[in-house]
Amino acid sequence: MKILIADDERMICEWLEYCIADRQDFRSVGTAYNGEQALTLFYETKPDIVFTDIKMPVKNGIELLKEIKKVSPSCLVIILTAFAEFDLAREAMRYGADDYLLKTEMSKESLEQILDRAKEKLGNGTKEEVGDSGGRRYAFIRDVLKNTVLSESNIQRMKDEGIRWRDEGLFAVALWKKDVKEGFSLPDVDFVHHLVEFEYNNLIYMLLGNLSRGMSEGKKEKLIYEYAGRLSEENSCMVGVSTAIDRLVNVTDTVTEAVYSLGFGYYKEKIKVYTPGKSAKEIRELIEKNKSGFRQKIRQLYTLSRREFKKSLEAEMEEAARGSEYTLHEFSSFCCQAVEMAYMRFAGNDLKLVHCMLQDEQCKINNTNSFSEVQKIVNNFVNYIYDELDYDKRKFSKGVEQAVEYIKTHYSKAISLDEVAKSANLNPEYLSRVFREETGSNYSTYLTDIRLKQAAYLLSNTLLRVQRIAEEVGYPNVSYFSTIFKKKYGINPYEFRRRE
């Protein structure tokens, strides 16, 4: 179930997102810091549940509530309120708010109870799939498309659900879901019939229908490409198309081809129309062949040394960038397994934190429709594992080397110079002097630099809330963390994250 969060207090938003991320049955689809921004996100994301503060700039929570209930009465609206605003919360309940959460008593347990009540109210599926025939119909379509060939009972069920696809001139068009936003429009043509739109998966949106009867094969291909071209031009979006087929039982072939075509755009990243260049049968054979190839590459990565691992992974990325035939799903799966292997084999310190980062990165890989973005995610994570803060040990004496290793291992704790000196079997005054001579920084500056570099990485590459990041790098006081972060980078952690 999809949740939208609206509150002008960033710490509240981050805490809610952090808690929601632990639930498999819910996911956050956006965060807004005023009511107007929240309403825009509401139309874009169509959430099942909205958490909203009452007092927000531009448009307050009660105004937002009224707008939401007017458009989507089934959407659950949960009010976030301070005790002093409880009269406003009661007013919100009169306007249709479904529940409230007191900020003064916020806890993971109280939030869990509210989410459980919301889930019970909405049912086990999303409100669309549970509540209306259209939702059931699209769920059925997704289920049917898992088959290679449709059965007679599938076709009869499609007719019962009002899907009027017929033999002759069937085709599919695939788009990135993120491009199907408010203002999206379909070309006004008279040669496309029985068009059905549905979400194919978390990334891809699908259009599937028939062309007019009685066309030659050449005319069909020309009109499909023309339709896709107009769709791309009118909406400034990337489009993958299939060829035309004439048997309804083979409708999944059109979907296979359109998704494969859109995959070319994943690598090339240009707004244009992509065609498959292969039949559905050839695509399926290629996917089967690639499965064994990927398994072999993953096994090979497991046997490589630390240096060879990184080199081999970089080579694989370069090969993919040249126009690999690997489908988006295969490539994403390979990247997820590669970063997990890097974590298992080479992560040294902060295993709990790095594991949390790993889950974030894998989620981003699976929800990104850009090869270059996935490449950046993988490279950044592996570089972090390999510790880009590495130093040239040959420059350091044995004592300073031990001190630096200790700092790198324990930077998230409150460590003193005396403690570091003890770990290196050195006198604190002596260590302080030689440390500055060999590293070019005094002890406290060096420790702060390591902490803030780690914090900058986490802000740029994870969804961890700022308070959690501050704690993980050794600053339990988030206000102090924000102050020293701004002193180093010129902006506070929230601004740094937005800029990234």
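## H12 against H13

The crossing between H12 and H13 is left-handed, in what is a predicted model. Here H12 covers residues 306–321 and H13 covers residues 328–346, and their axes sit 12 Å apart at an angle of about 165°. Since angles over 145 degrees count as roughly antiparallel, that puts H12 roughly antiparallel to H13.

On the H12 side, the contact uses Arg306, Phe309, Leu313, Glu316, Met317 and Ala320. H13 answers with Phe331, Phe334, Cys335, Ala338, Met341, Ala342, Arg345 and Phe346. Sort the residues of this contact by class and you get 11 nonpolar, three charged and no polar.

## H11 against H13

H13 also packs with H11, which runs over residues 280–303. This time the angle is about 15°, with the axes 11 Å apart. Angles under 35 degrees count as roughly parallel, so H11 is roughly parallel to H13. The crossing of this pair is right-handed.

H11 brings Leu286, Ile287, Asn290, Lys291, Phe294, Lys297, Ile298, Leu301, Tyr302 and Thr303 to the contact. From H13 come Glu330, Phe331, Phe334, Gln337, Ala338, Met341 and Arg345. The class tally for this one is 10 nonpolar, three polar and four charged residues.

## What H13 puts where

Some H13 residues turn up in both lists. Phe331, Phe334, Ala338, Met341 and Arg345 are among those that touch H12, and Phe331, Phe334, Ala338, Met341 and Arg345 also take part in the contact with H11.

Terms used:
Residues numbered from 1 in each chain as written. Predicted model: local features only at pLDDT ≥ 70, side-chain atom pairs only at ≥ 80, totals over all residues. Heavy atoms only, no water. Axes fitted to C-alpha atoms, helices over the stretch in contact; angles between N-to-C directions. Helix = DSSP H or I, 4+ residues; strand = E, 2+ residues; numbered from the N terminus. Parallel < 35°, antiparallel > 145°, perpendicular 65-115°, else oblique. Left-handed = near helix turned anticlockwise from the far one by under 90°. Contact = heavy atoms within 4.5 Å. Nonpolar A, V, L, I, M, F, W, Y, C, P; charged D, E, K, R; others polar.
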